[in-house]
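Thanks, everyone. Take a look at the model on the screen, and I'll walk you through a few spots in it.

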Amino acid sequence: VSTQSTGVRAGMLFGDTEFVSKQLKEANEVAKGGDWDRRNRLKVYDALHMLANRRFADASPLLLEVLPTFGATELLDFDSFVRLAALAGLLTQERQPLRERVARAPELVKARLANDATCRAVDALLDGQYRDYFVALVDMHDEHVKDALLAPHASYILRELRVRGYAQLLRSYRSVKMDAMAASFGVSVDFLDGELSRFIALGRLPCKIDKVGGVIEMQRPDVKADKYAQTLKQGDALLNRVQKLARIINI
């Protein structure tokens, strides 16, 4: 395992994704019969490789699982690992698990006392303090562009976390005034209008903007209509199969 681990670190250093994947596969095969510590450390290697490939949703459970027993100090220090675990959770965990598994994790106490930007973002989002949340996102982005692992994903992370903040606030209302929402996030109305328009067009936010009234209106999914359409689709598929079967029998 140590041979493959060394290869993984070298591959990560040179950004050779294919080589890292091969080495991790071999290391995990060898570690199946190994001790718990080696398997636990390999989870950190796997998680970092996932982060490097923008697989934050896959990495988050691994990072949170290993958080209390982290020991892969040959890869990164514990404080950096805590920040990555908090970041992946912030990007992918639903509100309740984000609170229970990330915000309440005892491992975050030191980072929180150190005024860590990622911890501030987690706390601000959960508390609905959106202005503080955006300030923390700016500080996080400044850190990410200087980080070898996260720099290629810095813009993506910032965009996804902005969407998360907007979506959380909008879910709380049927409609909200544009100027009130802009004030909540500490941005101008023009900036917010541009942001929301772009994310709505991309299908990321289920709402529409009433330019005349200056209001953002949520568009709740029609569950009954969706179920009805799905039933019709399934009925059509069944009817087609019956007709095909009838033709075969007639032949």
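Start with Glu195. Glu195 sits in helix α12, residues 189-201. Helices here are DSSP runs of H or I with at least four residues, strands are E runs of at least two, and both are numbered from the N terminus. This is a predicted model, so local features need pLDDT of at least 70, side-chain atom pairs count only at pLDDT 80 or more, and totals for chains, interfaces and linings use all residues. Residues are numbered from 1 along each chain as its sequence is written, and side-chain values use heavy atoms, with hydrogens and water left out.

Is Glu195 buried or exposed? Glu195 counts as buried, because its relative accessibility is 4%. Buried means under 20% relative accessible area, exposed means over 50%, and partly exposed is in between, with a 1.4 Å probe and protein chains only. What does its side chain meet? The Glu195 side chain makes a polar contact with the side chain of Arg198, at 2.7 Å. A polar contact is a pair of N or O atoms within 3.5 Å; within protein, one must be able to donate a hydrogen and the other to accept it, and residues adjacent in sequence count only if both atoms are side-chain atoms. Leaving out residues up to four places away in sequence, Glu195 touches Arg162 and Tyr166. Contact means heavy atoms within 4.5 Å.

Next, Glu160. This one lies in helix α10. Glu160 counts as buried, because its relative accessibility is 16%. Its side chain makes a polar contact with the side chain of Arg204, at 2.8 Å. With residues up to four places away in sequence not counted, Glu160 touches Leu91 and Arg204.

Two or more lining residues come from each of α4 (56-66), α5 (78-92) and α10. Helix α10 gives the largest share, 7 residues. By type, the lining splits into 6 nonpolar, 3 polar and 8 charged. Ala, Val, Leu, Ile, Met, Phe, Trp, Tyr, Cys and Pro count as nonpolar, Asp, Glu, Lys and Arg as charged, and the others, Gly among them, as polar.

How are these spaces found? On a 1 Å grid over the protein atoms alone, a cavity is a set of points where a 1.4 Å probe fits but cannot get out; a pocket is an open set with protein on both sides within 12 Å along at least five of seven lines; lining residues have an atom within 4 Å of a point. Grid points are joined across faces, edges and corners, and a volume is the space filled by probe spheres set on the points.

Now the cavity. The count is 1 cavity of 30 Å³ or more. The largest cavity holds about 30 Å³. Its lining includes His141, His144 and Leu161. Helices α9 (130-144) and α10 (154-171) each supply at least two of the lining residues. That lining has 6 nonpolar, 2 polar and no charged residues.

Last, confidence. Mean pLDDT for the chain is 87, and 83% of its residues reach 70 or more. pLDDT is the predictor's confidence in each residue, from 0 to 100. Confidence is lowest in helix α1, residues 2-14, at a mean of 60, and highest in α9, at 98.
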